[in-house]
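Please look at the sequence and the structure shown here.

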Amino acid sequence: MPESVCVTSLLFAPITLRGMTARNRVWLAPMCQYSATDGLPGQWQLVHFAARASGGFGLLLTEAAAVVPEGRITPRDVGLWDDAQTEAWRPVVAAVQARGARIAVQLAHAGRKGSTYHPWSPVQGTVPPEDGGWTTVAPSPVPFEGLATPAELDADGIARVVAAFADAARRAAEAGFDAVEVHAAHGYLLHQFLSPLSNRRTDGYGGSLDNRARLLLEVVTAVRAAWPEERPLLVRLSATDWSPGGLTPEEVGEVARRLGPLGVDLVDVSSGGNVPATAPVGPGFQVPLARTVRRISGLPASAVGQIDTGTLAEQVLAEGSADVVMIGRPALADAAWPLRAARDLGLPVATDGPAPWPPQYVRGAPA
Ligand SMILES: Cc1cc2nc3c(=O)[nH]c(=O)nc-3n(C[C@H](O)[C@H](O)[C@H](O)COP(=O)(O)O)c2cc1C
């Protein structure tokens, strides 16, 4: 591909974070597949991620991987809490890297939103212990609507969460992941601590924004110490709770501003999930949130959410709202979404460069 063609697209320009370069800025958003047993990724993950690496993504975020068994959203989630899982991730990581893409694992703890049935189960709600469920934990014994009341984490429990994130990061390094993302969005444990709507604590982890952010900052510090210096660390945040009395983009931007000095390289800006709320959904609806958090934090940012054309993705970068775009649902049914977007933006069909068509697939490229 001629160099002059590559540089006309921001979306298909490489990006370097620490020692990692991704070939482009179209990244696969993390999406639970609910297809694991005992937290082990298997053939489903191998095929799913390898196909999307062949489909041109620059970097793939895995689905949320639990750092402890009780940190799973459903009993069918993947994890990184034991060494068998490290081994099981290795071939998935290798398959993605062999196709020229990078892969980051999203480390997560579901807190009070754990122990639920997977979305297509005929039964919904909290999974009882006799069906493989567990007692969930949270900053405060306040349930998420429709789910069981969680147990309040005590100081030892909090320390165990911090250590579990660090241990999982160590395993991620052994499995060969290029980057790690700490999941602090969508109403999962770290977001539950951040938001006054779910955190009613009166100790050093509740009350002021400083206190509510304490667990996230401790987790990030511990993960950074356990994670190789040359590999990047990302954090996903919900920039708003979309609810009165909840987190605002300015507050979340302030939290993100404290992450840079701790060694975070990019903030992945999403929204909502902590309480039932109506978000003003529509094409690119979370882009202004990414712009705000990026501005306040001074960190590189990614935007996600109904960015469903290459033209819109390119615009998000061109207007300076974000440095990277993540694609979720459109990539479920279309593994080669980036290759299609590259064609829409006028890039030629090439078997190398930032949007490389596998030679096996070139005859299927749009004219
Ligand atoms: C099936 C499915 C599973 C998801 N699982 C996760 C997840 O594990 N971690 C996460 O941070 N977001 C998760 N999300 C949210 C996506 O990463 C993304 O932010 C959201 O779908 C909006 O982007 P989109 O409009 O491009 O789909 C999930 C979304 C879907 C549709």
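The chain as a whole has a mean pLDDT of 97, and 98% of its residues reach 70 or more. The structure is a predicted model, in which local features need pLDDT of at least 70 and side-chain atom pairs count only at pLDDT 80 or more, while totals for chains, interfaces and linings use all residues. Residues are numbered from 1 along each chain as its sequence is written.

Next comes the overall form. The chain contains 11 helices and 13 strands; these are DSSP runs, numbered from the N terminus, with helices being H or I of at least four residues and strands being E of at least two. The C-alpha trace spans about 60 × 40 × 40 Å along its principal axes. The radius of gyration of the chain is 20 Å, which agrees with a compact globule because one of 367 residues would have a value near 21 Å. That radius is taken over C-alpha atoms, and the globule rule is 2.2 Å times the number of residues to the power 0.38. Among contacts with a separation of 6 or more, 72% join residues 24 or more positions apart.

What share of the 367 residues counts as buried? The figure is 53%. A residue is buried if 20 or more other C-beta atoms lie within 10 Å of its own, exposed if 12 or fewer, and partly exposed in between, with C-beta atoms placed from the backbone.

The largest nonpolar core has 109 residues. A nonpolar core is a set of buried Ala, Val, Leu, Ile, Met, Phe, Trp, Tyr and Cys residues joined through C-beta atoms within 7 Å. Helix 4 (residues 155–175) gives the most to this core, with 9 residues. Leu 107, Phe 165, Val 180, Val 223, Leu 237, Val 267 and Val 325 have the most contacts inside the core. Setting aside residues up to four places away in sequence, Leu 237 touches Ala 184, Ala 185, Val 252, Val 255, Ala 256, Val 267, Val 269 and Val 293.

Helix 7 covers residues 249–257, and its buried residues are Pro 249, Glu 251, Val 252, Gly 253, Val 255 and Ala 256. Their cover includes helix 5 (189–194), helix 6 (209–226), strand 10 (233–238), strand 11 (266–270) and helix 8 (287–297).

The ligand has 19 residues around it, and Ala 29, Met 31, Ala 64, Gly 328 and Arg 329 come nearest. A residue is near a molecule if its C-beta atom, placed from the backbone, lies within 6 Å of it. By type, the shell divides into 9 nonpolar, 7 polar and 3 charged residues. Here Ala, Val, Leu, Ile, Met, Phe, Trp, Tyr, Cys and Pro count as nonpolar, Asp, Glu, Lys and Arg as charged, and the others, Gly among them, as polar.

Several loop residues can now be located. Tyr 34 lies in the loop between strand 3 and helix 2, and its phi is near 50 degrees, a positive value in a residue other than glycine. Tyr 34 counts as partly exposed because it has 19 C-beta neighbours inside 10 Å. Asp 38 is also found between strand 3 (26–28) and helix 2 (43–54). With 13 such neighbours inside 10 Å, Asp 38 is likewise partly exposed. Its C-alpha atom is separated by 7.7 Å from that of Pro 75, 37 residues apart along the chain.

Gln 306, in the loop between strand 12 (301–304) and helix 9 (310–318), has a positive phi near 50 degrees.

Ala 226 lies in helix 6 and, leaving aside neighbours within four places in sequence, is in contact with Ala 166, Ala 169 and Arg 170. Asp 344 belongs to helix 11 (residues 337–344). Beyond residues up to four places away in sequence, Asp 344 touches Thr 309, Gly 310 and Thr 311.

How values were computed
pLDDT is the predictor's confidence in each residue, from 0 to 100. Two residues are in contact if their C-beta atoms, placed from the backbone, lie within 7 Å.
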